[in-house]
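Here is a short briefing on one model. Look through the sequence and the 3D view, then read the points below.

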Amino acid sequence: MSDPKSAPRSEPEPFRYDAEVEPGEKRHVRYEIGETYLGDPIEMPVTIINGKGGGPTLFLSAGIHGDELNGVKVVQEVADRYSPAEIHGTLVCLHVCNVPAYEAQRRDTPIYDQDMNRSFPGKERSNTTERMANRIYRRFVAQCDLGLDFHTSTRNRTTIYHARADLDDPGVRRLARAFATNVVLYGTGDQGSLRSTATADGIPTVTVEMGRAHRFQPVLIEKALEGVESVLAEYELTPGQAVHWPGWYQSTAADSTKRWLRADTGGLVEMEWGPYPLVYEGETICTITNHFKTEEHAVEAPFDGLIVGALENPVAAPGHPLCHIVRVEGTTLDEIEREIEIGEFDGYRSHGDLWADD
């Protein structure tokens, strides 16, 4: 755990990148982070809302993976929704970080197929992805006090709405609780990820995972906007507003409380769980059959838990991830069962597969 940054400014000050955004000013800019093969600028859309009152600086980032669109919509809505008169502090909205990947609608940078979320803080003199990551990090992220980084699952999978955070870090733990997801998965983050890099630099950062790639999912987008509202309230960027509480809360530790279940055989996959993502020990989660349907392999839940991520492409080879399951027990399990019984649980298959596209 790194030393925290100095305390947020109590008095309003300009936000400086290559220019200045004065207190009370809201500015939309296209900031050059690189060049194309033709020598044309690669410009990242950024909104900076510098409040009239002093307070912390929060960044919101999306589009580090170019096909993950839910977060792009979240950042757009935040940038549109708030004015400097409402904010005590500064919002730095990084709408689309990996512009080449976004334009190609693919996960990684088309140039050299590199993952920007393994490239932070980047280098001024390196490959294209690391150069872009360096400009984003040094000009914007490094000036912030805390951050929310929005992602979805990759292609052929989906994920329940949840946060990922280094819960050993008190600053990150506070931020994750304030964002108010039901589920928070422990993890320091991969080396070179924006979350791990910023947190190591004393900028508590949480990753938000929400649904599928290549689409907008309004149910999840609205949840994330509520989470942003809660964070703004917790850190008094919007003084007097209420911090949300999700009703029940499950966090994991760095142990066996979460597990990826993988295929041991190849074949066709049929998911059996649902409509709710709660499964019980020994319950069949999915079956894998060969093409003649003469062989069938059942994959069972190793413990009572929530399915937080699942395969959507119904074919698998040995080693393919089938689902990500988090153990739940005690009062949390009781509360989930109670919400299911009275029809208030909004798990991501509670209305069948249509839920994800509402």
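In which strand is E43 found? E43 sits in strand 4, residues 41-50. This is a predicted model, in which local features need pLDDT of at least 70, side-chain atom pairs count only at pLDDT 80 or more, and totals for chains, interfaces and linings use all residues. Residues are numbered from 1 along each chain as its sequence is written, and side-chain values use heavy atoms, with hydrogens and water left out.

**Strands and sheet**

- Helices (H or I, at least four residues) and strands (E, at least two) are DSSP runs, numbered from the N terminus.
- Two strands pair if DSSP finds at least two bridges between them.
- Strands of a sheet pair through backbone hydrogen bonds, either parallel or antiparallel.
- Strand 9 (residues 162-165) and strand 11 (residues 205-209) are antiparallel partners over three bridges. A163 has V208 in strand 11 as its bridge partner.

**Surface charge**

- A patch of negative charge on the surface brings together E32, E35, D40 and E43.
- Patch residues have over 30% relative accessible area and no salt bridge; like charges are joined within 9 Å, and nonpolar side chains (Val, Leu, Ile, Met, Phe, Trp, Tyr) within 5 Å.
- A salt bridge is a side-chain nitrogen of Lys or Arg within 4 Å of a carboxyl oxygen of Asp or Glu.
- Asp and Glu count as negative, Lys and Arg as positive; His and the chain ends are not counted. A charge is placed at NZ of Lys, CZ of Arg, CG of Asp or CD of Glu.
- Areas come from the Shrake-Rupley method with a 1.4 Å probe; for residues, only the protein chains shown count as cover.
- E43 counts as partly exposed because its relative accessibility is 33%. Buried means under 20% relative accessible area, exposed over 50%, and partly exposed in between (1.4 Å probe, protein chains only).

**Backbone exceptions**

- Most residues other than glycine have a negative phi, and most peptide bonds are trans.
- The F120 to P121 peptide bond is cis, with omega near 0°. P121 is in the loop between helix 2 (99-104) and helix 3 (128-139).
- Y112 lies in the loop between helix 2 and helix 3. Y112 is not a glycine, yet has a positive phi of about 70°. Y112 is exposed, at 61% relative accessible area.
- The G274 to P275 peptide bond is also cis, with omega near 5°. P275 is in the loop between strand 14 (267-271) and strand 15 (278-279).
- K293, not a glycine, has a positive phi of about 60°. K293 lies in the loop between strand 16 (284-289) and strand 17 (296-300).
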